Amino acid sequence: MAKVTIGIPVYNRGAALINLLQNLRQRTSVDIDHEIVVVDDSGRPQHREIVLGACRQYGATFVPHEKNSGVAAGWNTIVRSGKNSEFIVIGARPSVGKTA
């Protein structure tokens, strides 16, 4: 069974993150042992609260940056924080589509 870390770097995208986490929950195969790591790149305080709440609701690990560091720093944080050796990194905007 594959063990994968799904990483999502976000910056002021709380609503998009909620949508993505809902889609991931519906679409993630039961054959994939996975964890979800969400890195908040020091967005606005109200955004951070939305992101933290979404992580709690969907069982994702929340990792905050104390200062805005950019998307590449978010990727690095995902790799450092993830527990698995395989990674999938997804931006917070897209939705995970239906499979055939």
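Histidine 47 counts as buried, at 4% relative accessibility, where buried means under 20% relative accessible area, exposed over 50% and partly exposed in between, with a 1.4 Å probe and protein chains only. The place of this histidine is in helix H2; helices (H or I, at least four residues) and strands (E, at least two) are DSSP runs, numbered from the N terminus. A polar atom of the side chain of histidine 47 lies 3.0 Å from the backbone nitrogen of arginine 13. Not counting residues up to four places away in sequence, histidine 47 touches Val10, Tyr11, Asn12, Arg13, Gly14 and Asp40, a contact being heavy atoms within 4.5 Å.

The structure is a predicted model, in which local features need pLDDT of at least 70 and side-chain atom pairs count only at pLDDT 80 or more, whereas totals for chains, interfaces and linings use all residues. Residues are numbered from 1 along each chain as its sequence is written, and side-chain values use heavy atoms, with hydrogens and water left out.

The protein chain contains three helices and four strands, which follow one another from the N terminus in the order β-α-β-α-β-α-β. Of the 100 residues in the chain, 39% are buried. Among contacts with a separation of 6 or more, 77% are made by residues 24 or more positions apart. The accessible surface of the chain comes to about 6000 Å², and 52% of this area belongs to carbon and sulfur atoms; accessible areas come from the Shrake-Rupley method with a 1.4 Å probe, and for residues only the protein chains shown count as cover.

In soluble globular proteins, nonpolar side chains tend to be buried together. In this model, the largest nonpolar core has 17 residues, and those with the most contacts inside it are Ile8, Val10, Leu17, Leu21, Leu24, Ile36 and Val38. At least two residues of this core are supplied by each of strand E1 (2–10), helix H1 (14–27), strand E2 (32–40) and helix H2 (45–58). A nonpolar core is here a set of buried Ala, Val, Leu, Ile, Met, Phe, Trp, Tyr and Cys residues joined through side-chain atoms within 4.5 Å.

Strand E1 also holds glycine 7, which counts as buried at 0% relative accessibility. Leaving aside neighbours within four places in sequence, glycine 7 is in contact with Val37, Ile78, Ile88, Val89 and Ile90. The C-alpha atoms of glycine 7 and phenylalanine 87 are separated by 7.0 Å, although the two residues are 80 residues apart along the chain.

One of the residues in contact with glycine 7, valine 89, has its place in strand E4 (residues 86–89). Valine 89 is partly exposed, with a relative accessible area of 41%. Together with Val71 and Trp75, Val89 forms a nonpolar patch on the surface, with about 280 Å² of accessible area in total. Patches are made of residues with over 30% relative accessible area and no salt bridge, like charges being joined within 9 Å and nonpolar side chains (Val, Leu, Ile, Met, Phe, Trp, Tyr) within 5 Å.

Side chains of opposite charge can pair when their charged atoms come close. The structure holds one salt bridge, defined as a side-chain nitrogen of Lys or Arg within 4 Å of a carboxyl oxygen of Asp or Glu. The salt bridge joins the side chains of arginine 48 and aspartate 40 (2.6 Å, N to O), and both residues are buried.

Histidine 65 touches both Asp40 and Arg48, and its other contacts include Val39, Ser42, Ala73 and Thr77, not counting residues up to four places away in sequence. Histidine 65 is found in the loop between strand E3 (61–64) and helix H3 (71–81) and counts as buried at 10% relative accessibility. The side chains of histidine 65 and threonine 77 are joined by a polar contact of 2.7 Å. Such a contact is a pair of N or O atoms within 3.5 Å; within protein, one must be able to donate a hydrogen and the other to accept it, and residues adjacent in sequence count only if both atoms are side-chain atoms.

The loop between E3 and H3 also contains glycine 70, which counts as partly exposed at 25% relative accessibility. Glycine 70 and proline 9 are 61 residues apart in sequence and 9.2 Å apart in space, C-alpha to C-alpha.

Most residues other than glycine have a negative phi. Asparagine 12, in the loop between E1 and H1, has a positive phi near 55 degrees. Serine 42, in the loop between E2 and H2, has a positive phi of about 60 degrees and is partly exposed, with a relative accessible area of 22%.
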